[in-house]
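Have a look at the structure first.

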Amino acid sequence: MTAEKKPVPHETELSKPYWDAARQGVLKIQKCSNCGTVRHYPQLVCVECYSREYGWTETSGKSTLHSWTIAHHAFHAAFRDELPYILATVDLEEGPRALGRLVGIEAQDLKIGLPLRYSFVSDENGTPILTFHPAG
Amino acid sequence: MSLSGKGAITGIGETVYARGSTRPALDLQIEASLKAIEDAGLSPRDIDGVIPIGITGAPAEEFIHNFGIEDLKFSAVNPIGGASGIASVQTALSLIDSGVCNHVLIPAGRNTSIGAKAGARIHTMPQFHYVTEFELPLGAVSPAQLYAPMARRHMELFGTTSLQFAQVAIAMRAHAVLHDNAVMKKPMTVEDHQNSRMITDPYRLFDCSLESDGGAALVVSSAERARDMKQPRVQVIGIAEGHPDSPSSITQRHDMTKLGLSKAAPRAFAQAGIKPDDIDVAEIYDCFTYQVICQIEDMGFCKKGEGGPFVENGRLQLGGALPTNTHGGLLSQAHMLGMNHIVELVRQLRGQGGRTQVAGAEVGLATGYGDLGDGSIAIMARA
């Protein structure tokens, strides 16, 4: 019996630049070419000016903890060996948020506003996993 | 202009709720539907609108085939998960008020024992595509893992505690123990709750709803027709659905302590011309314990952040100020997508609540919660 593999994200034409940057270790988000509003996750139209023109901008990496959960049960078998793990909702300096793994911290030290930095860690499928660490 | 007082729930039906059923979902839907139609005193051929619950469920065509409906005038699906039941009542009332239909059937039913579990089901749904692409690969697989950060944020901002979550869980269980058609029959203490294993912090096992097999169905008719139908008339006096900001991603939601219900509830209460204090019985969508606390706040029973203390001291239990989920809810009766909440509300307002009847209940509400925080609310009255 072969072990169950982790789910692989299905990249789209819209999201490919995000994943291409992630594979290079860089967190990029969309930026409206008309009004400069940044957004995440990727979408077709700027919610402020409805422009369909956009580019991609590298985030500063400065971020803080918004909320979290600590997984103790594997709802998918491929994650069982990693329990317990922290899923962190993170405020990026630019405004949008990101969800990532959070490592290098004990549960009792988790608090809203905790400064974080990120890296991408490749999983068994080669998917770049956004991973946060306490900053400094 | 509103739908207040335009229609009534004239028929309700449920199968036995269970785990490990071998019956196909369609069979469960048909049994519940026939019971609801019988309860309304109608023939299956009287149904002229069908709004099935569940975007992967049986289509309206199945009810034409099985019931011999000669001229079905409307079918649609409301794809907002556990908020769909009440949203579909709103659709049905609109159809009835505009003269398109006379009697609308809203059937639900599923077999989770032979079908996919929630953690797999949701990732086949289009409204989860951001989650499926950007969050699932991290290990954010199930609704519990996606919703838990909302609860954690509330705890950190407002001091809400797991012991307050326990108050919700033990109230639902106490009602299930008394109810004739509930899956979970073993009484639960606060200690039982606290000792249940951690699933995804802050949710313990007993903060999580069940996966259940069964069916539930409603018949919606005009208030005028309902006057002469078989059952005591239970009118819908306020109904609304509401979509949260960033409905496809909790991660990106500006304020993740607010649900779509925060937009729907003020509209429904305004239609009904009543205030939360006027509610005799509440059937609140309880996919997880925290979601009950959050919805109580979003409906205005207390201020944002005060829901934890609100549920203490047995307030949600029979005999308390706000008897809630008199059937045991999704936590302890069965997870039937909140259709069981609507059925139970109607039963309470008819005075057919059996051992969990709230004495003298005249006005009550049911809520729905779907997908990543869609909300719906129906306020009903015996009249």
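Q: What makes β8(B) largely enclosed by the rest of the structure?
A: Buried stands for a relative accessible area under 20%, exposed for over 50% and partly exposed for anything in between, with a 1.4 Å probe and protein chains only. In β8(B), 9 of the 9 residues are buried, so the strand is largely enclosed by the rest of the structure. The model is predicted: local features need pLDDT of at least 70, side-chain atom pairs count only at pLDDT 80 or more, and totals for chains, interfaces and linings use all residues. Residues are numbered from 1 along each chain as its sequence is written, chains are lettered from A and ligands numbered from 1 in the order in which they are written, and side-chain values use heavy atoms, with hydrogens and water left out.

Q: Which strands pair with β8(B), and over how many bridges?
A: Two strands pair if DSSP finds at least two bridges between them; strands (E, at least two residues) and helices (H or I, at least four) are DSSP runs numbered from the N terminus. Strand β11 (residues 374-382) of chain B is joined to β8(B) by 8 bridges and runs antiparallel to it, with Gly238(B) and Ile379(B) as bridge partners. Strand β1 (residues 7-14) of chain B is joined to β8 (residues 234-242) by 2 bridges, also antiparallel, and Gly7(B) stands opposite Val236(B).

Q: What makes β3 and β9 of chain B edge strands?
A: The open sheet of chain B has 9 strands in the order β3-β2-β4-β7-β1-β8-β11-β10-β9, with mixed pairing. Both β3 (74-75) and β9 (281-283) pair on one side only, and that makes them the edges. Helix α1 (residues 25-40) of chain B packs on this sheet and touches β1, β4 (103-111) and β7 (213-222), where contact means heavy atoms within 4.5 Å.

Q: Why are Cys294(B) and Cys101(B) called buried?
A: Cys294(B) has 0% relative accessibility, so it counts as buried. Cys101(B) has a relative accessible area of 2%, so it is buried too.

Q: What makes β8 of chain A largely enclosed, and which strands pair with it?
A: Because 6 of the 7 residues of β8 (residues 128-134) of chain A are buried, the strand is largely enclosed by the rest of the structure. Strand β7 (residues 115-122) of chain A pairs with β8(A) in the antiparallel sense over 7 bridges, and Arg117(A) stands opposite His133(A). Strand β6 (residues 97-102) of chain A runs parallel to β8(A), joined by 2 bridges.

Terms used:
Axes fitted to C-alpha atoms, helices over the stretch in contact; angles between N-to-C directions.
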